[in-house]
Amino acid sequence: MSKHRRTRNYRRITVAALAVAAVGVPSVAMACRGERPYEARHFHHHRTGTASAAPAAAPKTAASAAPASGATARVLELVNKERGTAGCSPLALNAKLTKAAQAHSKDMADHHNMSHTGSDGSDPGARLTRAGYHWNSYGENVAYGYATPESVMAGWMSSPGHKRNILDCSFKEIGVGLAQPGNYWTQDFGTAS
């Protein structure tokens with residue numbers, strides 16, 4: 001079996017199940033989504049049902065903005081380019097979402113484990129709340145092993161669940177995290193309540 005074929009088969013498997021970080025092949029995990037219009041509902045990869053949160057207004061204060069630099073700034077640029085092509089408004093970088101995304105990337109790198117579940121058992125919604133972000137809905141994409149913003153975005157955009165988070169026009173803000181060793185990436189999308 002060729003190396004290319006093994007890689008393609010591995011990536012197909014990671015869309016259906018969480019990847020094991022020790023394999024050493026760049027990988028993305030299942031996309032995670034949550035919504036809290038009136039009741040808590042959490043989604044893994046696809047929503048169940050037709051209800052969706054109403055689009056929220058743009059971030060209210062300049063204090064919610066966070067400066068972007070380096071790789072995270074490039075991811076934001078690439079996300080907003082994809083959203084523009086799809087007819088969605090650009091996402092604003094949010095300091096609280098960035099704090100949550102960076103902390104989760106560091107946690108994954110420290111434990112060599114790519115997952116939407118933190119080493120303390122937390123899910124994305126709990127981590128966003130802990131960072132002080134009052135969310136109405138959220139989405140999270142994670143990946144590891146991709147050396148550049150371009151390569152991780154290509155991986156996410158080739159996965160239906162991750163692409164759906166990136167192109168969800170109801171999300172208004174984003175935080176991006178990257179931690180070493182291993183290039184552990186997190187995108188946290190949100191619509192504030």
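The accessible surface of the chain amounts to about 9,200 Å², and 59% of this area belongs to carbon and sulfur atoms, with areas taken from the Shrake-Rupley method with a 1.4 Å probe and, for residues, only the protein chains shown counting as cover. The model is a predicted one, in which local features need pLDDT of at least 70 and side-chain atom pairs count only at pLDDT 80 or more, whereas totals for chains, interfaces and linings use all residues. Residues are numbered from 1 along each chain as its sequence is written, and side-chain values use heavy atoms, with hydrogens and water left out.

Of the 193 residues of the chain, 47% count as buried (under 20% relative accessible area, with exposed meaning over 50% and partly exposed in between; 1.4 Å probe, protein chains only). The chain has six helices and seven strands, these being DSSP runs numbered from the N terminus (helices H or I, at least four residues; strands E, at least two), and along the sequence they follow the pattern α-β-β-β-α-β-α-α-β-α-α-β-β. Among contacts (heavy atoms within 4.5 Å) with a separation of 6 or more, 70% are accounted for by residues 24 or more positions apart.

Residues up to four places away in sequence not being counted, Ile 174 touches, among others, Leu 76, Val 79, Leu 91 and Phe 189.

Ile 166, in helix 6, counts as buried at 0% relative accessibility. With residues up to four places away in sequence again left out, the contacts of Ile 166 include Val 79, Glu 82, Met 153, Trp 156 and Phe 189.

A search of the whole structure finds three aromatic pairs (rings of Phe, Tyr and Trp, the latter by its six-membered ring, with centres within 6.5 Å; planes under 30 degrees apart count as stacked, over 60 as edge-to-face and the rest as tilted). One of them, Trp 135 with Tyr 138, is edge-to-face because the ring centres are 4.8 Å apart and the planes stand at 85°; both residues are buried. Phe 171 and Phe 189, with centres 5.7 Å apart and planes at 20°, are therefore stacked. Since Phe 171 lies in the loop between helix 6 (160-166) and strand 6 and Phe 189 in strand 7, this pair ties together parts that are 18 residues apart in sequence, and both Phe 171 and Phe 189 are buried.
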